[in-house]
Amino acid sequence: MGIRSFFARPLAAYIARQTEKWSLAPVASQQKVFRYLIDEATQTAFGKDHGFDTIHTYEDFKKQVPIRDYEALRPYVERVVHGEPDVLWKGKPAYFAKTSGTTSGIKYIPITQASLPNHFNSARNAVLSYVHETGNASFLDGGLIFLSGSPVLEEKAGIKTGRLSGISNHQVPAYLRGNQKPSYETNCIEDWEEKLDKIVDETLAADMRLISGIPPWAQMYFDRIQARTGKKVKDVFPNFSVFVYGGVNFEPYRAKLFEAIGKQVDSIETYPASEGFIAYQDSQATHGLLLLLDTGIFFEFIPVEEYFSETPTRLSIGEVELGKNYALIINSNAGLWGYSIGDTVKFVSKDPYRIVVTGRIKHFISAFGEHVIGEEVERAMKYALEKFPEAALVEFTVAPQVTPATGLPHHEWLVEFAQLPKDLEAFAQALDDQLRNLNVYYDDLITGNILRTLIVTPLQRSAFIEYMKSLGKLGGQNKVPRLSNDRTIADVLGEKFVARS
């Protein structure tokens with residue numbers, strides 16, 4: 001047993017006890033966070049503008065603080081970006097996490113000194129929860145890899161600025177740096193494919209035991225290892241036992257990833273965002289991610305069907321229902337207030353409160369009133385892959401075809417297969433049947449001959465990689481939306497990357 005694994009076990013037990021305390025008192029935990037946030041931000045510009053000194057209850061808060069997306073909060077953020085202190089939170093941020101938005105261009109999300117523990121202690125606690133439950137800590141004594149963006153940071157008004165994954169590289173504890181891969185120099189390479197080759201160079205001879213990254217980019221890493229060695233990942237890294245991931249639903253990638261690995265390994269799902277670390281998988285035996293109710297974020301939830309109304313219902317943690325889709329709203333010690341991060345979630349447990357991410361508010365298909373969401377297309381794909389086990393998926397996206405050259409409108413599924421199903425038409429029918437089971441509105445449109453059944457368009461190998469490369473977004477935390485309500489992505493994929501029979 002190495003020194004890291006030896007000391008991890010008592011720390012993991014301590015974190016488990018602390019987690020149990022707040023998770024068993026969810027409403028009180030959130031009320032404590034709410035009061036702390038209001039008190040700490042009363043003298044900020046935002047607090048003064050919204051009468052924080054008169055807010056005593058959540059009902060007061062809802063009356064005085066509207067729901068905002070980034071565009072609506074931008075005037076305050078711009079003041080922070082230009083160096084003004086005490087705008088959204090006390091003082092100035094420690095960092096800006098730089099992201100790109102479809103309508104907002106580059107977004108600068110503040111990370112304050114107060115919010116740093118939310119981001120980085122939560123990531124640590126996800127791993128320690130796993131250690132406590134399973135007893136497996138030996139992976140901490142070997143190589144650890146974090147597939148991430150460049151750690152090179154710029155400055156805005158003296159505030160260090162970069163992608164969240166790059167900022168995270170600067171927060172890795174010193175006791176883990178000795179076995180962290182890749183090297184800092186390799187991590188700074190901007191070109192993803194060049195960087196990936198260097199990562200393979202640095203890790204092939206290492207004792208890699210934990211690998212972390214979003215599934216599509218982890219798959220690229222595994223594919224490069226197989227191409228270089230002709231071996232399964234398990235034969236290159238025999239002690240590899242833990243895969244940590246977040247950012248996308250794992251299920252569509254699970255079969256191909258484990259096929260590349262060559263064995264089952266434990267996985268830990270996390271839900272990090274530039275706006276805050278929201279949840280993590282706290283148990284290998286239980287479905288859903290533990291919502292982090294005591295790390296400086298006060299959560300609100302809006303029923304998805306009300307999100308675009310003028311006066312949507314806003315609920316706190318004690319008011320949510322199981323199995324219902326909600327838009328996630330956060331208020332945090334990073335200075336985000338009534339902030340819609342764009343994700344939708346569903347509660348699968350209240351004891352403790354666990355969620356699954358079901359999609360994006362703006363990523364849906366409702367060209368005909370069907371309002372198909374990400375969770376539904378991913379569940380349909382999982383069903384079809386189970387029914388056709390010879391098929392292997394790389395990636396897919398879905399878009400409406402409103403004006404086809406012939407026939408009725410339909411949904412087009414643009415799919416990159418590692419291995420095609422034996423009967424593509426039957427595979428498409430299985431997708432369609434399951435989607436009809438999951439979405440009554442879609443079923444009604446098919447039954448009423450308003451839509452025809454969906455069409456699967458197979459894409460060339462590496463289609464999604466080449467598409468992301470063409471946008472300059474290959475690697476890091478970038479990913480293709482699972483579905484869109486227009487054909488911006490689909491038309492490019494269909495024009496350039498359709499597989500030739």
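**Strands, helices and a surface patch in a predicted model**

Student: Is Met 1 buried or exposed?
Tutor: The model is a predicted one. Met 1 has a relative accessibility of 73%. The cut-off for exposed is over 50%, so Met 1 counts as exposed.

Student: Which residues make the nonpolar surface patch with Met 1?
Tutor: Met 1 is found in the segment before α1, a helix that covers 3–23. The patch has an area of about 520 Å². Besides Met 1, the residues that make the patch are Ile 3, Phe 6 and Phe 7.

Student: Why is strand β14 described as largely enclosed by the rest of the structure?
Tutor: Strand β14 covers residues 339–350. A residue is buried when its relative accessible area is under 20%. β14 is largely enclosed because the number of its twelve residues that are buried is ten.

Student: How many residues lie between β13 and β14 in their hairpin?
Tutor: Strand β13, residues 325–332, runs antiparallel to β14, and five bridges join them. One of the bridge pairs is Ile 330 with Tyr 339 of β14. In the turn, Gly 335 has a positive phi of about 90 degrees. The number of residues between the two strands is six.

Student: What is the bridge partner of Lys 350 in β15?
Tutor: β14 is also joined to strand β15, residues 353–360, by seven bridges, and the two run antiparallel. They form a hairpin with two residues between them. The bridge partner of Lys 350 is Tyr 353.

Student: What is the bridge partner of Phe 396 in β19?
Tutor: β18 pairs with β19, residues 410–419, in the antiparallel sense. Nine bridges are found over this pairing. In β19, the partner of Phe 396 is Val 415.

Student: Which residue with a positive phi follows α13?
Tutor: Helix α13 covers residues 251–261, and its buried residues include Tyr 253, Leu 257 and Phe 258. The elements its buried residues pack against include α14, β18 and β19. After the helix comes a residue whose phi is near 95 degrees, Gly 262.

Notes:
Residues are numbered from 1 along each chain as its sequence is written. This is a predicted model: local features need pLDDT of at least 70, side-chain atom pairs count only at pLDDT 80 or more; totals for chains, interfaces and linings use all residues. Side-chain values use heavy atoms; hydrogens and water are left out. Two strands pair if DSSP finds at least two bridges between them. Helices (H or I, at least four residues) and strands (E, at least two) are DSSP runs, numbered from the N terminus. Buried means under 20% relative accessible area, exposed over 50%, partly exposed in between (1.4 Å probe, protein chains only). Contact means heavy atoms within 4.5 Å. Patches are made of residues with over 30% relative accessible area and no salt bridge: like charges are joined within 9 Å, nonpolar side chains (Val, Leu, Ile, Met, Phe, Trp, Tyr) within 5 Å. Accessible areas come from the Shrake-Rupley method with a 1.4 Å probe; for residues, only the protein chains shown count as cover. A salt bridge is a side-chain nitrogen of Lys or Arg within 4 Å of a carboxyl oxygen of Asp or Glu.
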